[in-house]
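Student: Could you help me learn how to read a protein model, one feature at a time?
Tutor: Gladly; let us look at it together and begin with strands.

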Amino acid sequence: MDAAELEKRAILSRYKALYQSCKHFTKNELKSIRKAFDFANKAHKDIRRKSGEPYIFHPIAVAEIVAKEIGLDATSVICALLHDVIEDTVVEEEDIRREFGDTVLKIILGLTKISGVFEYESEQAENFRRMLLTMSDDIRVILIKFADRLHNMRTLEHMQPDKRLKIASETLFLYAPLAGRLGLYNIKTELEDLSFKFTEPEEYNKILSQMRATRFEREKFIQEFIAPLKLELMKTGLNFEIKGRTKSIYSIYRKMQTQNIPFDQVFDLFAIRIIIDIPEPYIREMVNDKQLEEIITAQRQREKDACFKIYNVITSLYHSNPNRLRDWINTPKANGYEALHTTVMSKTGRWVEIQIRTRRMDDIAERGLAAHWKYKEKSQANTFDKLVSDIRDMISLQKNHNAEEFVSDFKLNFFTDEIYTFTPKGKMLILPKNATVLDFAYEIHGNIGNRCIGAKVNNKLVGRYYVLSNGDQVEILTSDKQQPEEEWINFVKTAKAISFIKDAIKARKKQIAEKGYEMLTQKLKLLNIEPSQKNLSRMLIYFKISDLSTWNYMIGSGRFPLHLLDEYAQNPDLKKKKIVDNSDNKSISEIVKRLNKDLQTISSTTKNIDFEYATCCNPIPGDSIVGFYFPDKGIEVHQIKCEKAIELMSHHGNRIVNLKWNEQHQVAFLAGLKINGADRIGIVRDITNVISAEEQINMRSINLESNGGIFEGTLMLYIQDTKQLEYLTEKLEKIEGILSVSRFDSHSA
Ligand code: MN
């Protein structure tokens with residue numbers, strides 16, 4: 001058999017595997033799926049992926065994820081098979097419409113990237129916005145996009161390093177949080193772990209091997225913890241399953257980062273999950289909608305009772321932490337998540353998290369409400385519709401903002417934790433954590449927000465910047481004389497509020513600018529200067545003002561006295577200054593492309609490009625780094641794990657420069673160490689002695705604070721590389737009284 005024949009068979013066998021996951025569809029649907037496969041197979045013929053495999057492997061894999069892992073309908077499977085044909089082949093929109101109809105075409109267009117005709121400041125942000133716009137019409141767009149992204153992440157090792165970083169960062173910055181927000185926890189976790197693996201392979205592997213090394217011990221602990229619990233639970237007569245679930249590598253890493261602790265101090269490496277099977281009621285055909293609703297309500301009550309019954313068994317066996325009870329059953333999360341979480345003390349003195357849920361709740365938690373939206377149940381459909389309509393509202397509010405602003409507002413509004421607040425009439429409003437009275441006011445109505453002067457929170461009078469907590473009842477107070485102020489922006493969390501405030505201020509500024517423009521033209525008339533484009537540009541340069549509308553605003557608000565123009569009018573030479581052009585985006589991409597031809601090495605003697613070390617993460621030799629090219633400052637160097645860098649990679653993929661350290665770096669770098677320990681006389685001297693004994697290390701600052709016999713301090717040091725820092729850390733740890741020494745970045749401090 002020749003190679004071509006072998007490949008044909010390989011393609012067919014992959015298709016058969018997909019077919020196995022589609023067996024529940026109708027005959028006609030299966031026919032259409034076959035048609036879509038044949039169509040895509042023909043279109044992608046002779047095209048290969050970076051790995052060398054036939055391209056069609058990718059759409060088939062995406063379709064399989066769509067059918068099996070997300071559980072979507074036949075139309076989605078068809079769209080998944082066709083999702084890359086418009087972008088990558090000669091197939092036209094019309095062909096798709098003719099063969100598969102309007103719905104399929106619309107979804108595919110939502111999945112197609114904008115082509116490189118225009119170079120956007122942030123192409124990724126623009127694509128993401130477009131995808132969200134289509135998603136608000138048809139949620140399947142985003143769900144198929146997740147499948148596409150997941151398969152690309154699973155096969156990312158075949159891409160170039162800078163592409164890898166770009167895709168992985170974008171995934172971590174946008175797709176993973178969005179998957180979480182829509183309740184697709186399995187996909188979220190896998191996307192995070194894969195992104196982490198490609199952005200920080202060393203850290204990833206380190207945690208992975210530590211997880212493996214402690215596996216036996218962990219499993220033994222889980223078994224011992226579960227055994228007595230199992231017996232007690234069996235006595236309830238409920239049908240349940242109990243398992244220990246290890247947390248994801250990325251979430252462990254996050255914990256180590258945010259709490260600044262080493263691996264062996266992360267105690268909740270796993271959670272215990274109890275899943276209860278409650279038989280579904282047998283519904284005879286004669287019930288009407290109202291009766292059906294009643295039956296379902298009764299079933300939900302049984303589920304609730306069972307979960308709390310199990311909770312009572314657990315807390316009578318183990319001591320529980322009352323602050324750690326999370327009741328997502330009586331108040332489900334906005335993405336539909338339902339469960340009861342509690343943390344209990346094990347016999348060996350370790351806190352253990354336990355999650356209690358029914359089989360139905362577990363299904364939603366694993367695969368997301370999205371997959372269930374088509375199903376019968378009203379309450380769930382409502383939750384999901386609400387989510388989608390929230391997204392739609394937000395998009396329509398933000399139409400006028402640029403793509404980058406849009407994406408950051410979207411993140412702000414959708415990816416934060418929530419609090420539950422109430423109107424005086426008891427209506428619940430879900431707001432992001434740390435939301436203020438102003439957010440609440442804008443959530444009710446734009447006009448209420450604009451006129452908000454404060455509120456009564458739980459009957460106590462508070463200001464408009466008051467930060468709300470879970471369960472607060474809020475009555476907004478307004479005044480007709482109130483107008484939004486610019487500083488309000490700093491005290492709101494929701495994109496809705498930001499959008500209203502910006503619009504109100506913009507409108508007011510526009511009014512003032514219009515008045516200013518009138519004043520300006522009158523004045524120019526007096527001075528006999530024509531208000532031509534050319535003349536106005538010259539004056540802007542002369543007065544060092546960025547643009548005309550700013551100038552008009554300054555004039556209108558009295559911050560630019562018009563008599564300054566008299567001087568200008570008497571100085572004809574100054575009228576003829578040249579106007580400088582700003583360099584455009586295109587040249588940025590070209591420069592970066594040239595830079596990325598070979599891996600850039602950072603050295604103190606670079607020819608014609610400057611390196612600037614970012615102050616947010618203070619990279620030092622030995623750190624994994626990435627660079628961003630900016631025309632005005634050269635290459636900005638960040639640690640790869642720096643949050644700012646992740647945002648930059650995700651928005652400005654065209655600026656990424658691959659970097660490595662030079663072997664012989666002579667420059668000293670600033671690094672921070674956090675130390676704590678038991679306070680005693682002379683400890684500061686001991687610390688400084690250790691440091692000054694190192695010839696190549698210089699101290700910039702030392703800061704110690706003592707509190708009740710315990711001290712905490714930070715050291716800022718100029719050092720050469722990570723090796724030196726590790727060596728110093730070891731020496732400091734040996735000082736009597738010191739409990740821990742760890743590196744910190746200024747953004748996590
Ligand atoms: Mn694709």
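Student: How many bridges join strand β9 to β11?
Tutor: In general, the strands of a sheet pair through backbone hydrogen bonds, either parallel or antiparallel. In this model, which is a predicted one, β9 (residues 452-457) and β11 run antiparallel and are joined by 5 bridges.

Student: How should I read helix α21, and what span should its 33 residues have?
Tutor: An α-helix has 3.6 residues a turn, so residues three or four places apart point the same way. At 1.5 Å a residue, α21 (residues 495-527) should span 48 Å, and since its end C-alpha atoms are 46 Å apart, the two values agree. The buried residues of α21 include Ala 497, Ile 501, Ala 504 and Ile 505, with Leu 520 and Leu 524 also among them. After α21 comes Asn 528, whose phi is positive, near 65°.

Student: Is Asp 84 buried or exposed?
Tutor: A residue counts as buried when its relative accessible area is under 20%, and therefore Asp 84, at 7% relative accessibility, counts as buried. Asp 84 lies in the loop between α4 (74-82) and α5 (85-88), and its side chain makes a polar contact of 3.4 Å with the side chain of His 58. Leaving aside neighbours within four places in sequence, Asp 84 is in contact with residues including His 44, Tyr 55 and Thr 89.

Student: Where is Ile 108 placed, and which residues is Ile 108 in contact with?
Tutor: Ile 108 is in helix α7, residues 102-111, and is buried, with a relative accessible area of 0%. Beyond its neighbours within four places in sequence, Ile 108 is in contact with Cys 79, Leu 82, His 83, Ile 86 and Ile 96. Ile 96 and Ile 108 are 12 residues apart along the chain, and their C-alpha atoms are separated by 9.1 Å.

Conventions. Residues are numbered from 1 along each chain as its sequence is written. This is a predicted model: local features need pLDDT of at least 70, side-chain atom pairs count only at pLDDT 80 or more; totals for chains, interfaces and linings use all residues. Side-chain values use heavy atoms; hydrogens and water are left out. Two strands pair if DSSP finds at least two bridges between them. Helices (H or I, at least four residues) and strands (E, at least two) are DSSP runs, numbered from the N terminus. The expected span of a helix is 1.5 Å times one less than its number of residues. Buried means under 20% relative accessible area, exposed over 50%, partly exposed in between (1.4 Å probe, protein chains only). A polar contact is a pair of N or O atoms within 3.5 Å; within protein, one must be able to donate a hydrogen and the other to accept it, and residues adjacent in sequence count only if both atoms are side-chain atoms. Contact means heavy atoms within 4.5 Å.
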